[in-house]
Amino acid sequence: MGEIDQRVLPLVVRIERAAPPERTDALEAAAKAVLTLLADERSVSGEWAEDVRAWETIGIRKVVRRARGAEWRRVLDLPGITVRVRTAEVRVHPPVPVAAWPRDLSRLQVSGTELSDSAAPGEPEPAVPVLWLNPELTMSAGKAMAQAGHAAQLAWWGSDEESRSAWREAGLVTAVRPATPAVWAALVGSGLPVVRDAGFTEIEPGSRTVVADAPWLRQGGFRPAGWGPLRHPSP
């Protein structure tokens, strides 16, 4: 399949020099942005549906870019959805061909997106889905945002309609947290959805980056037949 046929999901994080977002806020905003796009009627049966289906058929590649000032204002003029989580703003756009990005997105910086937390994030609420990061991997904020988006998507695929409805009513909230080594070892053997990175940037292909955990996923989840190499979590 030619590059022009492959699609990627663009995510843009707003990073103003005077007020950059907290790292955890940005990761959780990226996850929520992906979920919001997947749940949007435009992605299910509307104007974005064909592009979303084509993207899911090939894979679920995501690229995070950063914008500020006038760049951010131009991004807001493009089709998409803006999500806010505390200090972070992320805009998700419908999938685009890898070789044909809109100009106002292609000109944005993609590498070196780094953020930090001013304090350690607290314990997640009991009913909130948690996206657990591999403690053995070092990833830039942009890379980790893409991985959190992947994990959120796997969790969405693993949710039946009742679970999805409840998640939507709760605001499609997730918590993104680093796992301890002991917790990580238990998670990857638990049968929960695990993201394995394709290895385009920063880390080795096949690296396990994030595990998606939610009460309904621990009960076996929902495993529909469908598209994409990541539709069914690997053992």
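This is a predicted model: local features need pLDDT of at least 70, side-chain atom pairs count only at pLDDT 80 or more; totals for chains, interfaces and linings use all residues.
Residues are numbered from 1 along each chain as its sequence is written, and side-chain values use heavy atoms, leaving out hydrogens and water.

**View 1. Overview of the chain.** The chain holds nine helices and nine strands. Helices (H or I, at least four residues) and strands (E, at least two) are DSSP runs, numbered from the N terminus. The radius of gyration is 17 Å, close to the 18 Å that the globule rule gives for 235 residues, so the chain is as compact as a globular protein of that length. That radius is taken over C-alpha atoms, and the globule rule is 2.2 Å times the number of residues to the power 0.38. The C-alpha atoms fill a box of roughly 45 × 40 × 35 Å along the principal axes. Of the 235 residues, 49% are buried. Buried means under 20% relative accessible area, exposed over 50%, and partly exposed in between (1.4 Å probe, protein chains only). Among contacts (heavy atoms within 4.5 Å) between residues at least 6 apart in sequence, 78% join residues at least 24 apart.

**View 2. His93 in its loop.** His93 sits in the loop between β4 (88-92) and β5 (96-97). At 2% relative accessibility, His93 counts as buried. A polar atom of its side chain lies 2.7 Å from the backbone oxygen of Pro79. Leaving aside residues up to four places away in sequence, His93 touches Leu9, Pro10, Val12, Leu37, Val75, Leu78, Pro79, Gly80 and Leu105.

View 3. A search of the whole structure finds two aromatic pairs. Trp156 and Trp167 have ring centres 6.0 Å apart and planes at 45°, so the pair is tilted. Trp156 lies in helix α6 (residues 141-157) and Trp167 in helix α7 (residues 161-169), so the pair ties together parts that are eleven residues apart in sequence. Rings of Phe, Tyr and Trp (its six-membered ring) pair if their centres lie within 6.5 Å; planes under 30 degrees apart count as stacked, over 60 as edge-to-face and the rest as tilted. Trp156 is buried at 5% relative accessibility, and Trp167 is buried at 3%. Ring pairs link Trp156, Trp167 and Trp216 into a cluster.

**View 4. Arginines over rings.** The charged end of Arg61 sits over the ring of Phe200, 4.3 Å from its centre. Arg65 lies over the face of Trp101, at 4.2 Å from the ring centre. A charge sits over a ring if NZ of Lys or CZ of Arg is within 6 Å of the ring centre and within 35 degrees of the ring normal.

View 5. Helix α1 (residues 23-39) has 17 residues and reaches 25 Å from its first C-alpha to its last, close to the 24 Å expected at 1.5 Å a residue. The expected span is 1.5 Å times one less than the number of residues. Helix α1 is mostly covered, with 15 of its 17 residues buried. The end C-alpha atoms of α6 are 24 Å apart, which agrees with the 24 Å its 17 residues should span. In α6, 17 of the 17 residues are buried, so this helix is largely enclosed by the rest of the structure.

**View 6. Ala39 and its contacts.** Ala39 belongs to helix α1. Leaving aside residues up to four places away in sequence, Ala39 touches Val44, Trp156, Arg168 and Leu172. The C-alpha atoms of Ala39 and Ser165 are separated by 9.7 Å, although these residues are 126 residues apart along the chain.

Methods. A polar contact is a pair of N or O atoms within 3.5 Å; within protein, one must be able to donate a hydrogen and the other to accept it, and residues adjacent in sequence count only if both atoms are side-chain atoms.
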